[in-house]
Amino acid sequence: MKTILTACAVALLAAAPALAADDVMANYFGNTIVAPGGVMTPEIHTHYRADHTFDLVGSQMGMSKTFHGTWAIKGDEVCRTFVGEQPPNAPSPFCTPIVSHKVGETWTSTPDKNGNTRTVKLVAGVQ
């Protein structure tokens with residue numbers, strides 16, 4: 001379970017790199033950012049909503065954990081503030097660069113300062 005929580009914090013960066021207005025988020029609303037899992041990494045599904053709320057769900061080995069909060073655009077970053085429990089090692093607010101992506105696009109995210117990368121995809125609908 002600790003692996004799921006840590007990976008959820010890492011997956012927050014999956015929302016990716018650089019612009020600066022709420023409309024940069026428009027393609028994310030009603031859709032899902034999926035960071036596929038692996039042997040030691042949970043699958044993460046992140047959902048942003050136009051009302052400035054978000055949730056992310058980490059699943060691994062039949063277990064899942066959900067985190068909730070609010071988001072805001074600050075400069076060229078999206079900043080997430082957790083409400084209630086937050087992923088371990090994730091500050092609140094947790095800010096990362098953001099660019100718009102279209103449904104079906106896949107990109108590489110560098111979710112931590114160690115240079116680790118993760119491939120993520122924006123898929124249609126809430127999954």
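Two strands count as paired if DSSP finds at least two bridges between them; strands themselves are DSSP runs of E with at least two residues, and helices are runs of H or I with at least four, both numbered from the N terminus. What you have open is a predicted model, where local features need pLDDT of at least 70, side-chain atom pairs count only at pLDDT 80 or more, and totals for chains, interfaces and linings use all residues. Residues are numbered from 1 along each chain as its sequence is written, and side-chain values use heavy atoms, leaving out hydrogens and water.

Start with a cartoon view.

The eight make an open, antiparallel sheet, ordered 6-5-4-3-2-1-8-7. Select 94-97 and 106-109: these are strands 6 and 7, the edge strands, each pairing on one side only.

Stay with strand 7. Strand 8 (residues 118-123) pairs with strand 7 in the antiparallel sense over four bridges. Pick T108, and its bridge partner in strand 8 is T119.

Next, jump to strand 5 (residues 77-83) and select R80. Which side chain does the R80 side chain make a polar contact with? Show Y48: the two side chains are 2.9 Å apart, a polar contact being a pair of N or O atoms within 3.5 Å, one able to donate a hydrogen and the other to accept it.

Finally, zoom out: buried residues make up 41% of the 127 residues in the protein.

Notes
Buried means under 20% relative accessible area, exposed over 50%, partly exposed in between (1.4 Å probe, protein chains only).
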